[in-house]
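Please read the points with the structure open.

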Amino acid sequence: MLTIGCIQFPEYPPPLTPPPNQTLADSVARLPANETGGDRNLARALIHVDTGKFGPPVELVHAYFDFWPTGVAVNSDGKIFTSFPRGNETFTLAEADTSTTEVPFPDQDTNTPPAFVNATNPGFSIATEKLILVQSVVVDGRDRIWALDVGRPRVNGSTLLAAAPGGPKLIGFHPNGTRFASIKFPAGFVAADSSLNDVRLDLRGDGFAYLPDSSPQRPGVVVVNLRTGESWRHLDNHPSVTVQVDLISFHNGVPNYIHPPISPFAVTAFNRFAVDGVALSPDGEYFYFAPLSARRLFRIPTSFLKVQPSAINPDAIILANQAVQDLGDVGSHLNGLESDDQGFIYLTAPEHNAINRFNPKTGRIEPFVRNPFIQWPDTLAVASLKSGGNFLYFTCNQLWLSPDYQNGTDLRTKPYAMFRVPIEGGKANQL
């Protein structure tokens with residue numbers, strides 16, 4: 001402690017010591033002989049180097065040799081559920097049956113809509129109880145599976161159809177595959193060009209679901225009362241949910257511009273998706289969120305989001321907009337977010353091949369795990385297994401190398417991967 005007069009101040013860090021975590025990925029190494037000009041003295045020099053790694057060991061738990069993944073969810077029995085954006089894929093929601101294969105969940109019939117293109121309006125998809133394109137899958141605190149169907153399939157892996165009312169939906173399944181919930185969204189809250197991206201659930205009270213709309217045309221947050229099935233929107237076009245129009249992301253050290261394979265074929269900054277990653281604090285009091293095309297983290301008390309804008313609550317939108325808290329720059333654009341029961345908010349960092357975490361007690365971004373094999377971490381899921389252990393699971397899909405970003409050329413390398421790392425905290429059940 002540092003004493004000035006009669007007041008004591010904590011010192012952090014102590015004088016003349018490096019800050020915590022400062023040298024996590026630092027080491028020294030000798031350069032190869034062909035990089036020292038044949039000089040024997042230089043060949044013996046130990047030069048400072050970035051190892052590219054820190055944190056707990058990364059375990060490969062699943063390899064995707066067929067479809068590229070987005071979502072992942074794991075129940076307490078260790079069953080892995082995953083989702084695939086629908087292009088030419090034969091199913092969009094799956095369970096991993098081996099370490100390298102998947103089977104449709106709950107079955108192929110549920111994954112087979114009668115059509116994808118609306119016969120009377122070819123630019124649109126259809127309304128159906130079947131699964132069209134599941135972007136996200138989560139396991140709730142009761143070990144039930146929830147699938148978020150965006151309702152907007154791709155035709156031949158390229159053209160993204162507009163959603164028809166009754167296409168976008170949130171569906172709940174028991175572990176045996178029987179359906180217990182099917183919530184559809186009115187067109188006034190989920191429009192044809194909306195792009196629902198993820199979902200977080202709080203089962204306390206009536207129960208609420210929070211879904212980010214990543215569409216750059218209408219970014220916002222959709223809130224669902226799970227008891228009544230009613231839904232409403234908040235934060236529409238608020239600065240916290242919109243894209244950073246001039247963002248240039250860097251992956252494996254290379255600046256990444258979007259080279260779209262569609263008209264006008266003009267190269268743009270990485271400005272494709274708005275609010276994307278979301279998480280709930282374990283007590284359900286805060287909703288954390290971040291645009292994909294930005295490097296900032298935000299949160300809002302859920303008490304504001306739970307108020308349905310109406311004539312009874314005419315100030316709900318204004319109050320929610322004013323309640324957003326900017327938690328600052330996080331050093332990378334973010335994709336997936338997740339929480340544990342200790343209150344940490346895990347943050348994907350695709351630009352650093354890493355996952356970091358936000359500590360609400362200190363307000364700091366803390367390093368968690370970094371590894372060259374973490375190639376665009378997409379979705380995160382915490383699981384507490386009955387067999388023992390708490391793990392953070394995550395998919396890696398090399399998204400920046402996909403055709404949408406590389407002028408129609410697929411530069412990704414199969415298999416895509418799912419990893420897990422051990423964590424101290426457990427699943428935040430929100431019960």
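The points below take up a loop residue, a sheet and a helix.

1. The model is predicted. Keep that in mind for every value below.

2. Start with threonine 128. It sits in the loop between strand 9 (102-104) and strand 10 (134-139). Is threonine 128 buried or exposed? Its relative accessible area is 9%, and the cut-off for buried is under 20%, so threonine 128 counts as buried.

3. Look next at what surrounds this residue. Leaving aside neighbours within four places in sequence, threonine 128 is in contact with Pro113, Pro114, Gly166 and Lys169. A polar atom of the threonine 128 side chain also lies 3.0 Å from the backbone nitrogen of lysine 130.

4. Strand 17 (residues 208-213) and strand 18 (residues 220-225) pair in the antiparallel sense over 6 bridges. Alanine 209 has valine 224, in strand 18, as its bridge partner.

5. Finish with helix 3 (residues 316-323). Ala316, Ala320 and Ala323 are buried there. They lie on the same side of helix 3, because they cover an arc of only 65° around the axis. The general rule is that an α-helix has 3.6 residues a turn, so residues three or four places apart point the same way.

6. Which elements cover the buried residues of helix 3? They include strand 19, strand 24 (296-301), helix 2 (302-305) and strand 25 (325-329).

Notes
Residues numbered from 1 in each chain as written. Predicted model: local features only at pLDDT ≥ 70, side-chain atom pairs only at ≥ 80, totals over all residues. Heavy atoms only, no water. Helix = DSSP H or I, 4+ residues; strand = E, 2+ residues; numbered from the N terminus. Buried < 20%, exposed > 50% of the residue type's maximum accessible area, 1.4 Å probe, protein only. Polar contact = N/O pair within 3.5 Å; in protein donor to acceptor, adjacent residues only side chain to side chain. Contact = heavy atoms within 4.5 Å. Pairing = 2+ DSSP bridges. Arc of directions from axis to C-beta.
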